[in-house]
Structure formats: C-alpha cells, structure tokens
Amino acid sequence: MNRKINKVAVLGSGVMGSRIACHFANVGVEVLLLDIVPKEAADSKNPMERNSIVNDALKFALKSNPSPIYSKSYASRITTGNFDDDLAKIKECDWIIEVVIENLKIKHQVFENVEKHRTPGTLITSNTSGIPIHLMLEGRSEDFQKHFCGTHFFNPPRYLKLLELIPSPKTDPTVIEFLEDYGQRFLGKTTVVCKDTPAFIANRVGVYSIMALFHNVTEMGLTVEEVDKLTGPVMGRPKSATFRTCDVVGLDTLVHVANGVKDNCKDDEANELFAIPDYVSKMVEKGWLGSKSKQGFYKKVKGDDGKSKILTLDLETLEYRDKKKAKFPTLELTKTIDDLKERTKVLVAGKDKAGEFYRKSFYGLFSYVSNRIPEITDAIYKIDDALKAGFAWELGPFTTWDILGVEKTVAKMKEAGVEVSPWVNEMIAAGCLTFYKVENGVKYFYDIESKAYKVIPGSENILSLETLREDNTVWKNSGTTIVDLGDGILNIEFHTKMNTIGGEVIEGINKAIDLAEKEYKGLVISNDGEHFSAGANVGMIFMMAVEQEYDELDFAVRAFQNTMMRVRYSSIPVIVAPHNLALGGGCEMSMHADKVIAHAETYMGLVEFGVGVIPGGGGSKEFALRASDEYKDGIRLDVLRNRFLTIGQAQVATSGQEAFELGYLREGVDEVIVSKAHQLTRAKEAALSLANKGYTKPIQRKDIKVLGKEGLGIVYVGANTMKSGNYISEHDQLISEKLGFVLCGGDLSTPTEVNEQYLLDMERKAFLELCSEKKTLERLQSIITTGKVLRN
C-alpha cells in the first residue's frame, strides 16, 4: 500500500496533544485537534464556548518557550474542534492519534467512538507512556486492531527526537514498517520499536538510572550540586543534569513511572531500586514537585537585595540553603579534554569520590541494560538509540561500555560485585569484544540471538561521518577533517571548540576546495558536532585587537572574506548543511553556499552586533547584495530597514523555516530537512545533482545597487532617535552607523551599482575600526570571560 499522510487527527489537546499537533503542522500536515466540550458549555450552541478547552490549550502551546512550531504561520494548518460536534471529521484523516488522559477506561470510550467514524485502513495509535498496548484493543474490530499500535512521543515533541513504536500481537507488520520510516524521514524522529513492557525502553532504563542515582546520593553523601555537576555535560548529558531535569519533568511524573515499574516488574533484579527514597517521598507529600510547584530540588527566591537567586535543597535536612560550589579533582583533569570518549575514560578511572560515583553508576547501568535483553528489546542498538533520543544522552550505555573496553570493564565489575547477563560473557568468550564495529563505512551491532554481527537496519543507505571517518579520511589538520563521501563528493567537518572558525578551519576549507577542484565533483560542509558553528574565534580577534596588531587582524579578516568568496565562486558546487547553532561566521558560510540543506533545528543569525562589531566575513556584503535584488521603486527604504534591523538587532532564527523569513536562507534555492539522520545524504545528493547537470563557476556580481545618502539618512536618523530615547548606547549608535554605511555603499550622492569587492573592502574597514574601540574590547572580553554580552 502506497500510504500517504496528508491529514492527522489528534484526540486530546493537553500538553502533549497540542504540541504533537504543532509538530505535524511543522512538516506540512493538515491537523484536526479535538478535545472535550467544557461542562459549562454543554448546552451552548456557540462554537467558541464549546471549543474553549482545545482553543485555550493550543493558544497556550503556541505561546510557550521554546516554541513547539517552526513558524507562527504554520498554526493555520491546525483546525480545532470537540469530540461531540466534530469527531465525524476523522473519517477524512490518514492517521488518528489518541492523546487523552492515562486512564484505560477513558481510552476505551474514545476508541469506541472513533470506530464509529474511522475509515477502514486508517492508522490509529495511542500516545500512552505506560498502559499496556494490548489492553486497549478490547472490543475493537479486526481492521482497527491491524492498524493500531502505541506511538510514544517524548515531550516536547519538536525537540526530543525519540518516537517509541509499540506493536500489539495484532498489529500488521507493514504498519510498523511505515511508521518507522515516516517517523524518521518526515517527523525527524529516532524511531525505536519496543516490546509491550512497562515503561517501554527509554523510561525503563532512564528512570532506572535516576532511581539508582537517588539511592547512591544518600549512600555516598553527595549534595544536589555535586550530583548535577557530575551528571551534566561533562559526561555527555544535558546541562540540566539530574536534579534540575527532575524539577523540569516533575517529581510526581517520575514517581509515577518508578512505581509503575516496581509494581509491574516483580522479576526485575533491580526492583528494589525503584522504591521511592524517603527524601523524595517527603518532597512529594509537601508538594515540592519542581518547576510546576515553583520548588523542588531547587527553589528561586528573592534575596535581601531584591535580586533573584537559586536555593538548593539539603537532602538530609530538607531545608533550602544557598548553593555551594561543587569541585572534584577528577573533573579538573578533564577540563582540557574535549573528546567525550576520552573524557569518559578519565572519569571512570578517577581516584576520588567522583571516580567512585562514575564506576558505581556505569557498572550498575551496564548490568541493568544487559539484563533487559531480550525482555524489552532483542537489539542492543535500540536501547542506545532510545536513551540518546529520549534522554539526550550523547553516548548510549552499550557505546559507553565499548569505549571503556567490554572485557576489561566486565572484570572490574566482577571485582565490585556487579554481575552482567550471561550473554555478555558468552560474547566475550566467542572472541567478540565489542558491541559495535564499523567495516567499509557500515556500522554493525552484536546480535545476541544469532551470536554474530549484523548491519543496523536502515543504516545502509544513510551517510554518517562517524562510520566513514576512519577509512575515508583524505586530509586533516588540528581543526578539520576532509572525508570522501563517495561518488566524487568530499565533506569537510570542523572539530574545534563549538566548531568556531579560526586559522585551521580557514586552511581546511581552502584545502577541501583545492582537492575538490582538482579531483572531485563537489564539496559538502557539514559536521556531526553539537553545533554547526558558533562563528569566528572571538578569542583570536580579541588578542589581536588588544595587542593592536591591526595588520594581522586585517590579514585574518581578509582571509576569512576570501575563503567565503571561494565557497561562492569555486569551480565545483559547495553545499553547506548547518544544524543547531550557525552564528556569525557559520551563518556567513551558509549564505555563500551554492545551496544550503539546513536541518529544521538550525538557529542561524548574524550576531556580531552584540560583540561590538558588524559582520566582517561577507555577511554585511551579502545582505547589501540580497537587499539590492529586492529593491523596487517605492519600497527600497523598507527593504533596507528590514535588512539593517536583522543585523542590528542580532536576530537569530529559531528554526530553519524562520531563517527564510529573516533572509538568511533563499526561497527556491535553499532547503530545510527535518531528519538529521538524512541531512548529509541529502546534501551529497544536492552536490551531485548540481555537478551532474553541468556546473559552471559563477561570475562575481558587479550590479549590486546601493542607496548611498538616500539610505544613510534613514539609518542616521533612526540611530540618533534610538540613542536620544536611551534605547541604545553611544557605542551601539556608532556600530549602527558603521553598518548602515556599508549597507548603503557609503555616502554616494545617488543610488549606484557596485561590485562585491567594493562592499567587502568597506565591510572589513568598518570591522577593523570598530575593533579599535575600547567599548568593543570590553564586549569581546566579557564574551570570553563570562559568555555574556556586555551592554555598554
């Protein structure tokens, strides 16, 4: 069956339902969002009154931060209604998703009504997080049962990538195959098929990890601050670490899942760990549930000086106190280690309390996940995928075990009295010493049933730098690696801190273009780091400016500009594939590509204004060029104003789609892809397509219309007005005037056509002049030392 999803019905508009609806709208699907009629409107004939619950829920979701929707305009794709008046409309839908309260009786009632209107063959799923899927099928027709399964989205659905699929014994396998593919390619999810067991995969293991930690905290005498210091980014986990995450999720939610596992998994060898510790039980009794109750493990209060501060809960006294700084010798050793895999080895080998904590945590986790197979899944990669996508762990448990050495770690676990499942010992005895391996650019996992390595399903046709890097590296330096993607396409990736752009990256890009022009068809610029690029190396700029080495700074800026122009004007197509942060120089690089394949979660912007300068790597020039292409008689000044404000307000797109709206991406040229897993594959396809249809080196533009004094007038008046009203500082006024001068091409007496180099020279001159300003140096220093923009 060639199944298409054009319209989806979401039944239930609570926190999850409204946000699931928004995410389907994100990918272009028409959505019908329904909920109950409020009791007070039962006899009303006013649709606004009868739909007040669903409308208020959607309105609340759309106002939430971070936003569940890529663009405000996408909200028009969602139609609201109620179960009494509008349920019959589900017959037009291709997929019906139930997201009502976690109550089996209520779900049965909903499904009974759905069956009256559902078109046979339509997908029907439940977003339950814990109710057994097979229990929901009582009284349902054969067609309903064939097309039914669990679809467990994680909250918030736009940002957390996990989608667990839970088939029942009656589910048609082709339904699961379709949802696996649709979830990944269309919704951008990591789709993981689970067995119908309590808490499925991610929550079963993730909540085990939290509960084990809750018990370890009291045993080891650790504080809230110490645990969050140990379990955050240093070990590849979110900044919210453990206790802050619990506050965000809600302690009551966590306790509910833990109790569910304890009550329904009597044979789980770690069952006792799911017992709620006394201090957690007392917190729940007191209503200290986290963010929703304004206090949990942390509490925000106003100090004597009137300023807000964060207090921390003392787990022994259950009283709030001032935060204490957490410090461990082992963590000090890892400060210079950027590679998480190498850092993990140092953490586990620590000789202090931190090292003891990591060994206790990892050994327990390894034992637990080994014993969950085949109970919750038959494949190790599904556990790793679920934890990475659902709990934002950079490394899954089995990947971490591989890094530490499987055989060596099992021996150390045995010394510590921690046993693993027998299949792990059998694997080692058979000479299979890793859970994963890579051969010829393909990743394999150890399959327990066959006792052999198998290709991870679906990975064969997806390009991954992780699997290609070892055998396909063509060239590298300290900040970049050039990898052969096959079929004549190269990829250059950055691996500096935050993928910032300094001399080594500039050298790498030029080398990649040189190689591609001589021996290949095209080039992709992408990486698999946390961020595409946070921009130019601010520290390098600051050092040159503070030492007044302006000739060197001029050379560095000129080299950056020339490299961006090579990206635009080389004899091979260059595709840039950004994700997450693409700021400053990362944005400028994207703006000079032949084509951008941006991930939907790309946060792109020219943010140089905030550090006291203007975009100096071609960004100001490019905005002048794009404004020129938009100029029409009568609206030229409006176009200039909008372009000026985008840079002047350092506006950052909150999605790939918004990058089009802000003018960073080009309609009809650039693309947004929702699936991060498919982004590199699509970028390579784009490079090949341009090359194969006959790519000719573009000609530099000489027809850029700049407005001169006509535009400068509005810039100077606007900047002066903002300064007079104390909306901006004197330094901001200076930056504004410099930016306007470049965008207008200087103080030309009439609108004039200029070339790109003319604008680049003006841009560079303004950048260097601003770098000599004391206020700029203060801002640069503030960014380096505190990570915050100084408003001076």
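Helices here are DSSP runs of H or I with at least four residues, strands are DSSP runs of E with at least two, and both are numbered from the N terminus. The model is predicted.

**Exercise 1. Work out which residues of helix α5 are buried and what they pack against.**

Step 1. Check the length. Helix α5 covers residues 104-117, and its 14 residues should span 20 Å at 1.5 Å a residue; the end C-alpha atoms are 21 Å apart, which agrees. The expected span is 1.5 Å times one less than the number of residues.

Step 2. Sort by accessible area. A residue is buried under 20% relative accessible area and exposed over 50%. In α5 the buried residues are K107, H108, V110, F111 and V114.

Step 3. Look down the axis. The buried residues of α5 fall within an arc of 165°, so they line one face of the helix. K105 and K116 are exposed on the other side of α5.

Step 4. Name the partners. The buried residues of α5 pack against the strands β1 (7-11), β4 (95-98), β5 (123-126) and β6 (148-153), and against helix α6 (142-146).

**Exercise 2. Repeat the analysis for helix α3 (residues 52-63).**

Step 1. From first C-alpha to last, the twelve residues of α3 reach 16 Å, close to the 16 Å expected at 1.5 Å a residue.

Step 2. V54, N55, A57, L58 and A61 are the buried residues of α3. Seen down the axis of α3, these buried residues lie within an arc of 165°, so they line one face of the helix.

Step 3. F60 and K63 are exposed, on the face of α3 turned away from its buried side.

Step 4. The cover over the buried residues of α3 includes α1 (15-26), β2 (30-35), α2 (47-50) and β3 (78-82).

**Exercise 3. Describe helix α19 (residues 422-429) and the residue with positive phi that follows.**

Step 1. W423, V424, M427 and I428 are buried in α19. The arc that holds these buried residues, seen down the axis of α19, is 140°, so they line one face of the helix.

Step 2. P422 and A429 are exposed on the other side of α19.

Step 3. Among the elements that cover the buried residues of α19 are α15, α16, α17 (397-404), α18 (406-415) and β13 (442-447).

Step 4. G431 follows α19 and has a positive phi, near 90°.

**Exercise 4. Two residues other than glycine, A241 and N580, have positive phi. Is each buried or partly exposed?**

Step 1. A241 has phi near 50° and is found in the loop between α9 (224-230) and α10 (243-249). Its relative accessible area is 9%, so A241 is buried.

Step 2. N580 has phi of about 45° and lies in strand β20 (residues 580-583). With a relative accessible area of 22%, N580 is partly exposed.

**Exercise 5. Which residues does A275 contact, leaving aside its neighbours within four places in sequence?**

Step 1. A275 is in the loop between α11 and α12 (278-286). Its relative accessible area is 22%, so A275 is partly exposed.

Step 2. Contact is taken as heavy atoms within 4.5 Å. With those neighbours left aside, A275 is in contact with M211, H215 and K262.

Step 3. M211 and A275 are 64 residues apart along the chain, and their C-alpha atoms are separated by 8.0 Å.

**Exercise 6. What lines the largest cavity, and how do the lining residues divide by type?**

Step 1. There is one cavity of 30 Å³ or more in the structure. The largest cavity has about 50 Å³ of space.

Step 2. Its lining consists of M235, G236, R237, T344, F362, W393, E394, L395 and T400.

Step 3. The lining then divides into four nonpolar, three polar and two charged residues.

Terms used: Residues numbered from 1 in each chain as written. Predicted model: local features only at pLDDT ≥ 70, side-chain atom pairs only at ≥ 80, totals over all residues. Heavy atoms only, no water. 1 Å grid on protein atoms, 1.4 Å probe; cavity = no way out; pocket = protein on both sides within 12 Å on 5 of 7 lines; lining within 4 Å. Points joined across faces, edges and corners; volume = space filled by probe spheres on them. Nonpolar A, V, L, I, M, F, W, Y, C, P; charged D, E, K, R; others polar. Buried < 20%, exposed > 50% of the residue type's maximum accessible area, 1.4 Å probe, protein only. Arc of directions from axis to C-beta.
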